[in-house]
Amino acid sequence: GLKHYAQAAELLENHNEPRKAAGLWEQAGELERAAEQYEAAKQWPQAAALWDKLGDVLRQAEALQYQARVLEEAGTPLEQVAERWAVIADLYQSAGQDALTQHCRREEARCRQLPDIALHIKHEALVLGKWTMVNFVVGNEGFGPARSLVIRARGDQFDGEVMRTQRIISLDAGAQTREFLDVKPLAFGDHVPLRVTVEYADHTG
């Protein structure tokens, strides 16, 4: 019965046969040991499936990360690898692992050759009722070009309902540009919201 499977699994594990041992541990109902042996045998999908059954999201995501790298090294189309990174990112997000989620989203962006826009806002001082130039530093920290890029600033407490920069034709990966907008605050206080949006298209449109 189960005891027999467990004894055989132990024997195979001791003889460095992790793949066979994993199968027997699974039959014996020892899922954690089975998952660990699948990992030792680099059988990442099987390991991930068992960690999923056990409800261990972090171990599941970790196993899928290894699998994503193996798939890419084996020449799997990058679109498929990107889908795998998206799944892993969602798992880490569900576990509240922000840094790991971010890392996996970047891997997904790399596989899909997507841009990743970072916006830094600089200004001398905003003065009530006076037009002030605000400096937007826009950088593409991603892996593909961002096209038709427009910055819009909107705020009820600022003159001019919507302010927008001229359309930037294309911002390549690793490139940076400076854009300027004139804004006039109509209110003052600890929080005078100015909502800024950046619109752009990636290579897929």
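Which residues in H3 meet which residues in H4? View A takes up this contact; the other views follow.

This is a predicted model, in which local features need pLDDT of at least 70, side-chain atom pairs count only at pLDDT 80 or more, and totals for chains, interfaces and linings use all residues. Residues are numbered from 1 along each chain as its sequence is written, and side-chain values use heavy atoms, with hydrogens and water left out.

**View A. Contact of H3 with H4.** Leu 31, Glu 32, Ala 34, Ala 35, Glu 36, Tyr 38 and Glu 39 of H3 meet Trp 44, Gln 46, Ala 47, Leu 50, Trp 51, Lys 53 and Leu 54 of H4 (contact: heavy atoms within 4.5 Å; helices: DSSP runs of H or I, at least four residues, and strands: runs of E, at least two, numbered from the N terminus). Nine of the contact residues are nonpolar, one is polar and four are charged (nonpolar: Ala, Val, Leu, Ile, Met, Phe, Trp, Tyr, Cys and Pro; charged: Asp, Glu, Lys and Arg; polar: the others, Gly among them). The two axes come within 8 Å and cross at roughly 155° (lines fitted to C-alpha atoms, for helices over the stretch in contact, with angles from 0 to 180 degrees between N-to-C directions). H3 and H4 are therefore roughly antiparallel (angles over 145 degrees).

**View B. Contact of H5 with H6.** The axes of H5 and H6 come within 9 Å and cross at roughly 165°. H5 is therefore roughly antiparallel to H6. Among the residues in contact are Val 57, Leu 64 and Ala 68 of H5 and Val 81, Trp 85 and Ile 88 of H6. By class, the contact has 13 nonpolar, four polar and four charged residues.

**View C. The largest nonpolar core.** This core has 26 residues, and Ala 63, Trp 85, Ile 88 and Cys 104 have the most contacts inside it (buried Ala, Val, Leu, Ile, Met, Phe, Trp, Tyr and Cys residues joined through side-chain atoms within 4.5 Å; buried: under 20% relative accessible area, 1.4 Å probe, protein chains only). Helices H2 (18–27) and H7 (98–112) are among the elements that give two or more residues to this core. H6 gives the most, with seven residues. Apart from this core lies another, of 14 residues, among them Ala 146 and Val 183.

**View D. Surroundings of Pro 145.** Pro 145 is in the loop between strand E2 (132–140) and strand E3 (146–154). Not counting residues up to four places away in sequence, Pro 145 touches residues including Pro 115, Asn 140, Leu 171 and His 203. The C-alpha atoms of Pro 145 and Thr 197 are separated by 18 Å.

Note on methods
Buried means under 20% relative accessible area, exposed over 50%, partly exposed in between (1.4 Å probe, protein chains only). Angles under 35 degrees count as roughly parallel, over 145 as roughly antiparallel, 65 to 115 as roughly perpendicular and the rest as oblique.
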